[in-house]
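Look over the sequence and the structure, then read on.

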Amino acid sequence: MRSAKISRQTAETEISVEINLDGSGSYDNQTGVGFFDHMLDQLARHSLIDMTIRAKGDYHIDDHHTVEDTGIALGQALAQALGDKKGIRRYGECHLPMDDAQVRCALDLSARPYLVWNVEIPTQKIGTFDTELVREFFTAFATQGGITLHIDQLHGFNSHHIVEATFKSVARALRLAVETDPRKSDAIPSTKGAL
Ligand SMILES: [Mn+2]
């Protein structure tokens with residue numbers, strides 16, 4: 001089973017992440033940041049990666065450290081669960097519409113972290129959530145997960161829809177990329193022989 005458990009504690013946050021790549025998209029995510037939990041639930045549900053996340057952070061400052069460090073821990077869990085990446089499809093992509101919003105994700109589980117971020121969220125807040133933290137999360141996730149992650153917003157004017165479409169597009173792309181390719185399940189998908 002391709003799974004991983006990461007615990008990460010700093011002076012700012014305490015995070016635990018448990019994932020199973022070969023899951024059914026079940027989730028139990030409690031970070032103390034309501035809108036962020038809603039997005040992590042989408043990530044699990046639409047990637048079919050089982051996900052249990054607990055986070056406690058220095059909310060008296062703001063939600064920044066909690067969201068960023070959850071991205072770090074989730075990226076580390078993904079990299080650990082993927083192991084040597086034998087047999088995976090490696091690439092994934094998705095155009096995800098949600099009402100007015102459409103977001104495209106293309107990703108490569110390359111071990112070469114890179115984030116292309118072409119998303120403009122029109123409001124500074126969604127409820128009490130700082131929308132600039134969405135980019136912080138994906139920066140941390142891509143860096144620690146070893147993901148070349150391209151996210152482009154094609155349409156959208158509603159902040160909630162844009163952000164939710166972003167998480168869902170990444171989830172769908174991730175689902176494809178982590179899946180086993182039955183035509184080449186015994187090999188690491190690189191001419192270099194390693195990823
Ligand atoms: Mn929603």
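## Cysteines

Cys-94 counts as buried, at 12% relative accessibility. Buried means under 20% relative accessible area, exposed means over 50%, and partly exposed lies in between, with a 1.4 Å probe and protein chains only. Cys-105 is buried too, at 0% relative accessibility.

A disulfide is a pair of cysteine sulfur atoms within 2.5 Å. The closest cysteine sulfur to that of Cys-94 belongs to Cys-105, and at 7.6 Å it is too far for a bond. Cys-105 is likewise in no disulfide, as its nearest cysteine sulfur is that of Cys-94. The disulfide count is zero.

## Basis of the model

The model is predicted: local features need pLDDT of at least 70, side-chain atom pairs count only at pLDDT 80 or more, and totals for chains, interfaces and linings use all residues. Residues are numbered from 1 along each chain as its sequence is written, and side-chain values use heavy atoms, with hydrogens and water left out.

## Manganese site

Three residues coordinate the manganese ion: His-38 (NE2), His-160 (NE2) and Glu-164 (OE), at 2.0 to 2.3 Å. Donors are N, O and S atoms within 2.8 Å of the metal (3.2 Å for Na, K and Ca); water is not among the atoms, so sites may look incomplete. Along the chain, the donor spacing reads H-x121-H-x3-E.

Helix H4 (residues 159–178) holds both His-160 and Glu-164. They sit four residues apart, about one turn of the helix. Helices (H or I, at least four residues) and strands (E, at least two) are DSSP runs, numbered from the N terminus. His-160 is partly exposed, at 29% relative accessible area. Glu-164 is buried, at 5%.
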